[in-house]
Every structure is written in C-alpha cells, then in structure tokens.
Amino acid sequence: MKMSKLFVQTLRDFPADAEAISHKFLLRAGYIKKLANGIYSYLPLMKRVLLKIEQISREELNKSGAQELLMPFVQPAELWQKSGRYNAYGKELLRLKDRHDVELCLAPTHEEVITSVADGILTSYRQLPINLYHFQLKFRDEIRPRFGLLRGREFIMKDGYSFHATKESLDIEYKNMWKTYERIFKRCGLETKAVQSDSGAIGGKVSHEFMVLTDTQSGEDNVFYCKECTYSANSNHAVSKLPVENTTTRFIKEEIVDTPNIRTIEELTKFLNVEENNILKSVLYIADSKPVMVMIRGDKEVEETKLLNAVFAREIRKATEDEAKEITGSEAGFLSYIGIEDKIKVVFDISSKGMKNFVAGANIPHKHIAGHNFEKEYDFVDVSLVKEGEKCPVCGKPLYVTKGIEVGNIFQLGTKYSEPMNACYTDENGQNRPFIMGCYGIGITRTAAAAVEKHHDDYGIIWPLAIAPYHCVIVPVNIQEQEQKTVALEIYEKLLNKGVEVVLDDRDDRAGVKFKDADLIGFPFRITVGKTIKDGLVEFKTRSNGEVITISPDEAIEKIVGAVRELNPTKSFCEV
Ligand code: ATP
Ligand code: MG
C-alpha cells in the first residue's frame with residue numbers, strides 16, 4: 001500500500017470530545033470516524049485491525065472445535081417474547097416495526113436466534129455437544145455510550161453458543177472456551193485475567209469475564225483480587241469474609257434519641273460517638289417503579305447490580321428526597337425499615353447480620369433509634385460492595401482492587417433459553433429434553449480499543465505486531481532523491497513478495513511529518529531510507545522499544561520477515 005493512496009487522515013490535535021486514550025488516538029490517527037453517538041465507521045486501517053482480531057479468534061475457535069455461521073442482525077420481536085426477554089431487556093433493546101407492522105429488534109445478542117437455529121436441526125443427543133459462533137454487529141442502546149469503541153451502541157462481537165446433553169459436557173466445553181480465550185487474547189498481545197462475574201437476574205449460574213487490567217478511567221469495571229490465592233471477581237460479584245460486628249456502644253437499652261439535622265453516617269458517628277459499623281444505614285431505591293429499602297451496615301455501600309438481581313428488577317435508581325418523604329413519611333437521613341416493613345420491600349444486606357445494640361433511623365424526622373436489635377432472623381442477602389482490604393472469601397488474606405476492561409465473557413446458560421423456547425433434543429431413552437447451553441462473547445471492537453489503552457505512548461499507538469493494520473512502514477526521507485526512492489521501492493517490493501504487510505510512505509512531505517504519522521498510526525517497524533543509503537544502510541526502528549539501528553536493507557527485511565513468521569508460522573493473513 002502506498003501512503004499516498006491510503007484512505008487515512010491524521011489530525012494534528014486530539015479531538016476535543018474524546019476522553020479515553022484509545023478514543024483519542026483512534027480518531028486522531030484516522031482509524032474511525034463518528035457517525036452518531038456511539039456509532040462509528042471503521043476506516044481501512046481499523047478494518048484491518050478488526051479483521052486480524054477476528055481471524056485470530058476464528059483460528060483458535062476452529063482449533064477448539066467450534067464452527068462458524070452467521071445469524072441475522074434484525075430479529076423478530078416474537079422470538080424475544082418467546083424467551084421472555086422482550087420485556088425484561090429494557091431500553092437497550094432497540095425496537096422497530098416493518099411496513100407490515102411486524103415488531104422487530106436490532107440484535108443486542110443472539111441467544112434467542114441461535115436457540116431457534118438449533119431447534120429442529122439438533123434433534124438427537126448423538127449430535128451433541130456442538131459449539132457455533134459468529135462475528136456480527138450488535139446494537140445496544142447504551143444509556144451512556146462513551147470512550148469510543150470501548151462502549152459503543154453499535155459494535156462487533158464474536159459470540160458463540162454451545163449445546164449439550166449433560167452438565168458435565170457443558171463444564172468441559174466451558175473450560176475449553178476458557179483456554180481458547182486465553183490463547184486468543186495472548187495472540188492479540190493482551191494480558192487478561194478471568195474473573196468471576198455477575199450472571200444476571202436468573203442467578204446461580206457460572207460466568208467469568210476476561211478483563212484487561214488497567215489503571216486508566218476507561219476501565220469501567222472494578223476487579224477485586226487476592227495476591228495469595230487465585231480468587232478474583234468483578235465488583236458486581238465479589239464477596240469478602242466480613243467479621244460479624246458486635247456493637248459495643250453505650251446504648252445497651254433501646255431508646256429514641258434526638259438527632260437534629262444529623263443526616264449522614266459521618267455526622268451520626270460524631271454526634272452519638274459511635275463507629276460507622278455500629279450504624280444500620282437505610283438506602284431507598286426505586287426498582288422498576290417500586291420502592292425497595294436496603295438496610296446495610298454504616299461502613300458499607302450498596303452494589304447496585306447485586307441489588308438489581310436480588311429484587312429481580314430491570315432498572316434501579318436511588319429514590320429522590322421527595323420520593324423518600326412520600327414513601328416513608330419521614331425524611332432522608334432518618335429513614336428506617338421500622339414501621340414500613342409490611343408496606344414496602346426491605347432488603348437486609350449480609351453486612352447487617354449479627355449487629356447488636358446498633359443505631360438506626362427511626363423513620364421520624366430528626367430522630368434515630370439507638371440500642372436497637374433485630375426482632376427476628378431476616379433473610380440476609382449480599383447486596384454490598386466489597387472494599388479493598390476486606391478479607392478474601394477463599395483464603396482470608398486482604399483483597400486488592402484494580403480497574404478492568406471486559407473484553408470477553410463466558411457463561412453457563414443452562415436451560416434459560418431452551419426451556420421457554422421449547423428447544424429440545426431426544427436423549428438415549430427417547431425422552432425430549434431442553435438443551436443445556438453455554439455462551440461465549442468477545443468484544444472485537446472493544447478488544448482493539450483495549451489494545452490501544454494498553455499499548456501507546458505520547459506519540460501514538462504501539463500495536464502488538466499480530467493485530468497491527470500493517471507490519472511496517474518504509475519512509476524515504478526525500479522522495480525527490482532518486483536513489484532513496486529506488487531503494488525504498490525495492491525494499492517495498494521485496495517485503496510484499498515475502499508476505500509482509502507494508503506501507504510505502506511515498507508522499508512528497510517533510511520527513512518529520514512522515515515520522516510523526518508513522519508513530520501516531522503505530523506501525524510496529526519503520527525502515528527509513530535516507531542519506532546513509534549511499535553507504536548501503538537504512539535506519540531500522542522498532543516502535544515498541546524505540547530502538548533505532550543502522551543496518552543494510554536486506555538485514556532490515558530479514559528482521560521483519562522473521563518477526564512476522566513468528567506470529568503465525570502456518571498462515572499469512574490479510575493479503576495486501
Ligand atoms: P458491559 O458489562 O461492559 O456492558 P456486557 O457484560 O453487557 O458488557 P456481554 O453481553 O457479556 O457484555 O457481551 C460480550 C462482550 O461484548 C463483552 O465482553 C464486551 O467485550 C463486548 N461489549 C459489550 N457491550 C459493548 C459495548 N457497548 N461496546 C463495545 N463492546 C461491548
Ligand atoms: Mg459481559
């Protein structure tokens with residue numbers, strides 16, 4: 001590819017509205033162009049990166065026995081009604097109607113479609129297990145699309161689904177996909193950590209997320225992990241060993257105490273001279289338009305995904321002060337479960353289990369109750385956020401927290417879709433049984449962006465060789481100099497013949513401009529043909545470590561060919 005022909009425009013400055021580093025660089029280096037909020041065109045450089053991530057995924061998935069197909073992006077609402085998700089999915093599901101008034105939706109995921117595809121084709125246990133996958137667009141009307149490709153509304157996903165006759169068979173495939181994902185991300189130049197994750201409103205199922213750990217703001221998930229053992233989990237799933245708190249306050253007898261304008265936990269600790277963990281905090285939520293009060297220990301916070309699952313809701317948000325007043329008759333700061341337990345749903349967080357003689361809101365403005373004890377044994381559930389330093393649930397050592405970008409997800413679905421959709425096979429005894437299913441996703445576009453988050457410097461992107469749009473750029477310092485031009489062209493032809501993906505920067509521009517673009521775009525190798533060509537030498541730069549050496553053109557070619565061969569000795573992909 002000649003740079004003069006490449007469909008790319010690099011920008012001198014970062015676009016103003018981009019926050020995440022990958023978003024900034026992908027826009028500035030001419031990889032993507034925004035069409036609408038959370039919707040991007042993938043320009044030729046980007047398309048090559050995506051093709052490579054797809055191809056790596058394809059090779060590894062095929063090696064693991066999965067088969068590729070392609071399912072539609074536009075789906076009938078009827079199918080989603082059958083699975084029970086049409087209403088449950090919420091506003092992320094974009095719904096539309098065709099000219100015959102038939103309700104449709106844009107695929108946010110493909111469980112329903114794959115289940116209907118398998119139904120009637122996979123009829124016998126003899127055909128199982130089977131694993132089918134595709135690369136397809138998804139549309140999710142995300143409430144907050146941001147960070148460019150990291151959280152788009154339209155994005156590309158590899159999603160795969162497996163069908164089994166037994167749970168044991170699903171377990172085997174789950175491990176198989178786990179290993180496959182490790183290989184895929186490693187080949188893409190990304191280190192990932194598989195962490196336990198939330199498995200949605202159904203609960204009780206196994207799921208893991210593959211996280212790229214990062215300390216930047218673009219890591220939207222918090223990952224808790226133990227350094228002593230292998231425990232690691234997304235904050236929406238993480239648990240810790242909490243010591244049962246026995247309060248030793250001066251309030252050994254229950255009494256209502258005046259707490260004028262003392263509304264926060266901090267104010268209360270000072271005013272009543274108690275510790276945060278002596279206080280039972282009340283947090284009022286609205287879950288699908290119904291109030292839910294969470295009772296949680298004063299030093300803990302609510303984890304909203306856990307709460308959402310605990311109350312089987314689609315959407316939750318904190319109640320406003322006005323709503324709190326209306327629902328409880330009291331005021332924010334003095335709320336409590338006392339007196340309204342039979343009117344609204346109350347969730348007791350596990351952290352409050354075992355609390356004694358504690359302080360809580362009295363549900364009376366400007367008053368709290370002290371020396372209070374639970375009058376019965378509640379069904380305590382875990383809806384709290386783990387805090388760094390709390391003890392690992394497995395080994396008891398302290399937990400640490402870091403940010404993560406979820407690039408993949410594996411999930412044991414069980415019969416969640418096959419049962420309501422009545423998708424069955426016949427077992428050895430001729431009995432009809434719903435398929436036991438697994439599903440496995442990789443965010444292809446998000447993986448590309450995550451790679452930029454991890455691999456860049458002040459000057460631009462530093463692509464891992466395996467997913468770089470091109471392996472190498474050749475820069476003749478002065479294209480007007482005949483010898484430089486001729487040698488650059490010769491190197492270019494030789495590299496092309498050896499299957500290297502190469503760009504020749506044939507623009508009649510200053511060398512400085514070309515070097516800047518080369519760094520920004522992130523070519524892993526740069527061969528500069530300048531004055532030293534008179535001595536038969538070129539400059540060879542490795543983008544990842546900045547190392548520059550002066551060698552002969554043939555040596556430079558050898559180095560690049562060697563590096564490319566190491567990537568994948570059996571296959572060359574993405575022919576120029
Ligand atoms: P998130 O929690 O980040 O919203 P998710 O868990 O809902 O993602 P899955 O349904 O597990 O996503 O989808 C599989 C993969 O698709 C994710 O692991 C992620 O890499 C990718 N993905 C999901 N949502 C988006 C998005 N809005 N933009 C880009 N990639 C996405
Ligand atoms: Mg996920």
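**Entry 1: terms and overall picture.** A helix, in these notes, is a DSSP run of H or I of at least four residues, and helices are numbered from the N terminus. I note at the outset that this is a predicted model. I looked up the protein as a whole and found 13 helices and 30 strands, with C-alpha atoms that fill a box of roughly 95 × 65 × 50 Å along the principal axes. Of its 576 residues, 53% count as buried, and when I turned to contacts with a separation of 6 or more, I found that 70% of them join residues 24 or more positions apart.

**Entry 2: helix H5.** I went to helix H5, residues 111–118, and found that six of its eight residues are buried, which leaves the helix mostly covered. I listed the buried ones as Glu111, Glu112, Val113, Ile114, Thr115 and Ala118. After H5 comes Gly120, and I noted that its phi is positive, near 95°.

**Entry 3: helix H2 against H10.** I next looked up how helix H2 (residues 44–63) meets helix H10 (residues 444–454), and found that their axes come within 9 Å and cross at roughly 110°. Because this angle falls in the range of 65 to 115 degrees, I record H2 as roughly perpendicular to H10. The crossing of H2 and H10 is right-handed. On the H2 side I found Met46, Val49, Leu50, Ile53, Glu54 and Ser57 making the contact, and on the H10 side Ile444, Thr445, Thr447 and Ala448. Sorted by class, the contact of H2 with H10 has six nonpolar, three polar and one charged residues.

**Entry 4: helix H2 against H6.** I then followed H2 to helix H6 (residues 167–187), where the two pack at an angle of about 150° with axes 9 Å apart. Since that angle is over 145 degrees, I describe H2 and H6 as roughly antiparallel. The crossing of H2 and H6 is right-handed. Ile56, Ser57, Glu59, Glu60, Leu61 and Lys63 of H2 make this contact with Met177, Thr180, Arg183, Ile184 and Arg187 of H6. In the contact of H2 with H6 I noted four nonpolar, two polar and five charged residues.

**Entry 5: the magnesium ion.** Which protein donors does the magnesium ion (ligand 2) have? I found Glu406 (OE) and Asn409 (OD1), lying 2.3 Å from the ion.

Conventions: Residues numbered from 1 in each chain as written. Chains lettered and ligands numbered in written order. Predicted model: local features only at pLDDT ≥ 70, side-chain atom pairs only at ≥ 80, totals over all residues. Heavy atoms only, no water. Axes fitted to C-alpha atoms, helices over the stretch in contact; angles between N-to-C directions. Parallel < 35°, antiparallel > 145°, perpendicular 65-115°, else oblique. Left-handed = near helix turned anticlockwise from the far one by under 90°. Contact = heavy atoms within 4.5 Å. Nonpolar A, V, L, I, M, F, W, Y, C, P; charged D, E, K, R; others polar. Buried < 20%, exposed > 50% of the residue type's maximum accessible area, 1.4 Å probe, protein only. Donors = N, O, S within 2.8 Å, 3.2 Å for Na, K, Ca; no water.
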